[in-house]
Amino acid sequence: MHSAISSAEDRMKKTLANLKEGFASLRTGRASASLFDKIRVDYYGNKSPLNQVANISIPEARLIVIQPWDKGLISEIEKAIRSSELSLNPSNDGKVIRISIPPLTGQRRKELAKIAKGQAEQSRVAVRNIRRDGNDELKKLLKDGELTEDEESKASDELQKLTDNYIAKINQILDEKEKEIMEE
């Protein structure tokens, strides 16, 4: 496989990983520990990821329980969750924080589906841009005499197959996310 193609594939993998990461923080009606992946808590002057200072469990489909390893962090964790864009309302009993995940309204589901579609489209555009960069690199190699026309054509076809494959993966991830958002 040509270096231009492996470089393009690495970039496409990163695009897919970024999409998955973006989708993980999109709140659905179901409780999920990944909602808190981006939340940082002030822990002795350092902003630490929530999952590194507390245990996050999902005892029921719509309930999240966060148990800090250091009880003194309860108010910091609560503050971090309230100030996040998740719109969740945590409550604590001095030992653990409980968060009830309210069911999403039909309107909110449509908004989330629209956001997911937008993120997927950005990823598809990124993959196509990577293909274009790869093709430009192949044309330059052809011009510089480092590739024959046959090799350039074959590599270009391979790059197109790679692009189609990643766009199909993006579409599949979007379909799964939309189902998750729309289910009650």
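Author: The axes of helix H3 (residues 106–143) and helix H4 (residues 149–182) come within 10 Å and cross at roughly 170°. Here an axis is a line fitted to C-alpha atoms, for helices over the stretch in contact, and angles run from 0 to 180 degrees between N-to-C directions. Angles under 35 degrees count as roughly parallel, over 145 as roughly antiparallel, 65 to 115 as roughly perpendicular and the rest as oblique. H3 and H4 are therefore roughly antiparallel to each other. Sorted by class, their contact has 15 nonpolar, seven polar and eleven charged residues. Ala, Val, Leu, Ile, Met, Phe, Trp, Tyr, Cys and Pro count as nonpolar, Asp, Glu, Lys and Arg as charged, and the others, Gly among them, as polar. The helices themselves are DSSP runs (H or I, at least four residues; strands are E, at least two), numbered from the N terminus.

The model is predicted: local features need pLDDT of at least 70, side-chain atom pairs count only at pLDDT 80 or more, and totals for chains, interfaces and linings use all residues. Residues are numbered from 1 along each chain as its sequence is written, and side-chain values use heavy atoms, with hydrogens and water left out.

Now the charged pairs. Side chains of opposite charge can pair when their charged atoms come close. The structure holds eleven salt bridges, each a side-chain nitrogen of Lys or Arg within 4 Å of a carboxyl oxygen of Asp or Glu.

Two of them lie inside H3. Glu-111 and Arg-108 form a salt bridge of 3.1 Å, N to O, and the two residues are three apart in H3, about one turn of the helix. Glu-111 is partly exposed at 35% relative accessible area, and Arg-108 is also partly exposed, at 33%. Buried means under 20%, exposed over 50%, and partly exposed in between (1.4 Å probe, protein chains only). Glu-121 pairs with Arg-124, with the closest N and O atoms 2.9 Å apart; these residues too are three apart in H3, about one turn. Glu-121 is partly exposed at 34%, whereas Arg-124 is buried at 13%. Elsewhere, salt bridges that share partners join Arg-11, Arg-132 and Asp-133 into one network.

Arg-11 lies in helix H1 (residues 3–24) and Asp-133 in H3, so the pair ties together parts that are 122 residues apart in sequence. Arg-11 is partly exposed at 36%, and Asp-133 is partly exposed at 29%.
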